[in-house]
Amino acid sequence: MLNSLIRYFDLQAGYRTGGPRAHAAGANPSLPVIPQYIALVLGIAVQPFLAQFQQTRKWDLSGWQGWMIFSILVGLIVFPAVYKRSFDPQSNLFVQLCATFASGLGWQSLMQTGAAVIHH
């Protein structure tokens, strides 16, 4: 159980010697994790405000502080699942950040995916 949890949060596991992506051309053991985490959290943070704007055509940013804390926590939980499935070290970083941001917009699905990964 503990090993599964450690493997879930070890973002570089696939790129270490013997990992499934270790020999990929251009694989970099020090991938830019922090910018992707920020992109995911921002995607999670703006999602309810975008949804509300679609319904009302008015911006209401009340409660954003609490939602930001929630976004950080959700991002921490789902980020490893997103990161391991979406990051390609050979692709442009901006493209990767856009994909991660979009993943944050669908955070409910990501939370379910993260829970499924932890249970396996």
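Reply: A residue counts as buried under 20% relative accessible area and as exposed over 50%, with partly exposed in between. The model discussed here is predicted.

Me: Is Ser 71 buried or exposed?

Reply: Ser 71 is located in helix α3, which spans residues 64–86. The cut-off for burial is under 20% relative accessible area. The relative accessibility of Ser 71 is 0%, and Ser 71 is therefore buried.

Me: Which backbone oxygen does the side chain of Ser 71 reach?

Reply: Leaving aside residues up to four places away in sequence, Ser 71 touches Val 41, Ile 44 and Ala 45. A polar contact requires N or O atoms within 3.5 Å. At 2.8 Å, the side chain of Ser 71 reaches the backbone oxygen of Trp 67.

Me: What is the order of the elements of the protein chain from the N terminus on?

Reply: The protein chain has five helices and zero strands. Of its 120 residues, 28% count as buried. From the N terminus on, the order is α-α-α-α-α.

Me: What share of the contacts in the protein chain with a separation of 6 or more comes from residues 24 or more positions apart?

Reply: A contact here means heavy atoms within 4.5 Å. Among the contacts with a separation of 6 or more, the share from residues 24 or more positions apart is 70%.

Me: Are α2 and α4 parallel, perpendicular or oblique to each other?

Reply: Two packed helices are described by the angle between their axes and by the distance between the axes. Helix α2 (residues 33–56) and helix α4 (residues 93–105) have axes 7 Å apart and pack at an angle of about 40°. Angles under 35 degrees count as roughly parallel, and 65 to 115 as roughly perpendicular. The helices α2 and α4 are therefore oblique.

Me: Is the crossing of α2 and α4 left-handed or right-handed, and how many charged residues does the contact of α2 with α4 hold?

Reply: The crossing of α2 and α4 is right-handed. The residues of this contact divide into ten nonpolar and six polar, and the number charged is none.

Me: Which residues in α4 meet α2?

Reply: On the α2 side, the residues include Pro 35, Ala 39, Ile 44 and Leu 50. Their partners in α4 are Leu 97, Thr 100, Phe 101, Ser 103, Gly 104 and Leu 105.

Me: Is Arg 57 buried or exposed?

Reply: Arg 57 is in the loop between α2 and α3. Its phi is near 60°, a positive value in a residue other than glycine. With a relative accessible area of 58%, Arg 57 is exposed.

Me: How far apart in space are Phe 79 and Tyr 37, C-alpha to C-alpha?

Reply: Phe 79 belongs to helix α3 and counts as buried at 4% relative accessibility. In sequence, Phe 79 and Tyr 37 are 42 residues apart. In space, their C-alpha to C-alpha separation is 6.6 Å.

Me: How far apart in space are Pro 80 and Tyr 37, C-alpha to C-alpha?

Reply: Pro 80 also lies in helix α3, and its relative accessible area of 2% makes Pro 80 buried. Pro 80 and Tyr 37 are 43 residues apart in sequence, and in space, C-alpha to C-alpha, they are separated by 9.2 Å.

Key:
Residues are numbered from 1 along each chain as its sequence is written. This is a predicted model: local features need pLDDT of at least 70, side-chain atom pairs count only at pLDDT 80 or more; totals for chains, interfaces and linings use all residues. Side-chain values use heavy atoms; hydrogens and water are left out. Axes are lines fitted to C-alpha atoms, for helices over the stretch in contact, and angles run from 0 to 180 degrees between N-to-C directions. Helices (H or I, at least four residues) and strands (E, at least two) are DSSP runs, numbered from the N terminus. Angles under 35 degrees count as roughly parallel, over 145 as roughly antiparallel, 65 to 115 as roughly perpendicular and the rest as oblique. A crossing is left-handed if the near helix is turned anticlockwise from the far one by less than a right angle, and right-handed if clockwise. Ala, Val, Leu, Ile, Met, Phe, Trp, Tyr, Cys and Pro count as nonpolar, Asp, Glu, Lys and Arg as charged, and the others, Gly among them, as polar. Buried means under 20% relative accessible area, exposed over 50%, partly exposed in between (1.4 Å probe, protein chains only). A polar contact is a pair of N or O atoms within 3.5 Å; within protein, one must be able to donate a hydrogen and the other to accept it, and residues adjacent in sequence count only if both atoms are side-chain atoms.
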